[in-house]
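Subject: Structure handover

Hello,

Here is the structure you will be taking over. Please open it alongside this note.

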Amino acid sequence: MVSVTRAVFGDLPLGAGTVEKFQLQSDQLRVDIISWGCTITALEVKDRQGRASDVVLGFDELEGYLQKQPYFGAVVGRVANRIAKGTFTLDGKEYKLAINNGPNSLHGGVKGFDKVLWTPRVLSNGVEFSRVSPDGEEGYPGELKVWVMYTLDGGELVVNYRAQASQTTPVNLTNHSYFNLAGQGSPNIYDHEVTIEADAFLPVDEVLIPTAHSGKNCSPSTASLGEIASVQGTAFDLRKPVELGKHLQEFHVNGFDHNFCLKGSKEKRFCARVHHAGSGRVLEVYTTQPGVQFYTGNFLDGTLKGKSGAGYPKHSGFCLETQSWPDAVNQPHFPPVLLKPGEEYDHTTWFKFSVA
């Protein structure tokens, strides 16, 4: 059985609307989601002793989510991740997007899907949010109808994304929750054991855009295309479990903010597993998406005050953002991100919690 309750979470400034909170509860999980940005604000999971802790970073009040903050728990779009130089060309027309992350456009622009009020509909086992992104919003072509559905099934939180476009547009939707399986407010994630089922990843340049192929034997036609690199023998080989802190030290890396390439099929498949030995909590992620951005909170700096006054320093949370590959709209050999009129974008990600 799943219970769903709704309550007022807060009012937007200048009478811009009321944000509601939906609490989904099963025998194993409790999830709070608000209509501002379809944001997961709390996710309570039991440890091996049966004690529940909130395992996502975020804020107690609406004000926290309205300030400048790193997309805690939100749905990001119309295009998640980075688009190089904030431009792309479709049918011979160049589109220019807001530059909001170094020289690039990130997570849909200045006012992406995370910074809008969505329309909720209560379901028997969850909640569905919808909105219409108008033609030209943040520079993107065509009107886009979007539905995001959160449902609970025992220890599993299921997130389904659907979209329909009035004209061809790139679409890439994901949820940007930051997890800490020791409980939010714990100082770091170094004691988390991580597995990612990926044979390849996308190397990135200093502004986190997939890098061009290098090497003399590159044909000019592929010289500017993003490289797809094998994880073998690199810090990115997470096919067998690694303890994150030790692994970062061993390979002298500052953290991850990279796309891991999953086996290409539209079927549900295993993507990642994270185990926190101290509490016994396990998160397994399954998805229909072709990639997952593994991010270890490298840009968190402790200045934001989170739930119960928690500081969120660097590496105090991780994201597993299932999605299409970054800058795919400019990379013809990446899995396609264009949605055409008459088609439906339809992807699902499963977050399965258990103890071990």
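Below are the annotated site, the cavities and one further residue.

Some ground rules come before the findings. This is a predicted model, where local features need pLDDT of at least 70, side-chain atom pairs count only at pLDDT 80 or more, and totals for chains, interfaces and linings use all residues. Residues are numbered from 1 along each chain as its sequence is written, and side-chain values use heavy atoms, with hydrogens and water left out.

**The annotated site**

UniProt, in an unreviewed entry, lists His-176 and Glu-321 under "active site". UniProt positions follow the numbering used here, feature names are shortened, and annotations may be inferred rather than shown by experiment. A pocket is an open set of points on a 1 Å grid over the protein atoms alone, with protein on both sides within 12 Å along at least five of seven lines; lining residues have an atom within 4 Å of a point.

His-176 sits in the loop between β16 (174–175) and β17 (192–196). Glu-321 lies in strand β25 (residues 319–323). Strands are DSSP runs (E, at least two residues), numbered from the N terminus.

His-176 is buried, at 3% relative accessibility. Glu-321 is buried too, at 2%. Buried means under 20% relative accessible area (1.4 Å probe, protein chains only).

Leaving out residues up to four places away in sequence, His-176 touches Glu-321, His-107 and Tyr-295, among others. Contact means heavy atoms within 4.5 Å.

**The cavities**

There are three cavities of 30 Å³ or more. A cavity is a set of grid points where a 1.4 Å probe fits but cannot get out. Points are joined across faces, edges and corners, and a volume is the space filled by probe spheres set on them. The largest cavity has a volume of about 50 Å³. Its lining includes Arg-82, Asn-172, Trp-325 and Asp-327.

**One further residue**

Glu-128 is in strand β12 (residues 126–133). Glu-128 is buried, with a relative accessible area of 10%. Beyond four places in sequence, Glu-128 touches residues including Arg-121, Trp-147 and Arg-162.

Best wishes

Notes:
Helix = DSSP H or I, 4+ residues; strand = E, 2+ residues; numbered from the N terminus. Buried < 20%, exposed > 50% of the residue type's maximum accessible area, 1.4 Å probe, protein only.
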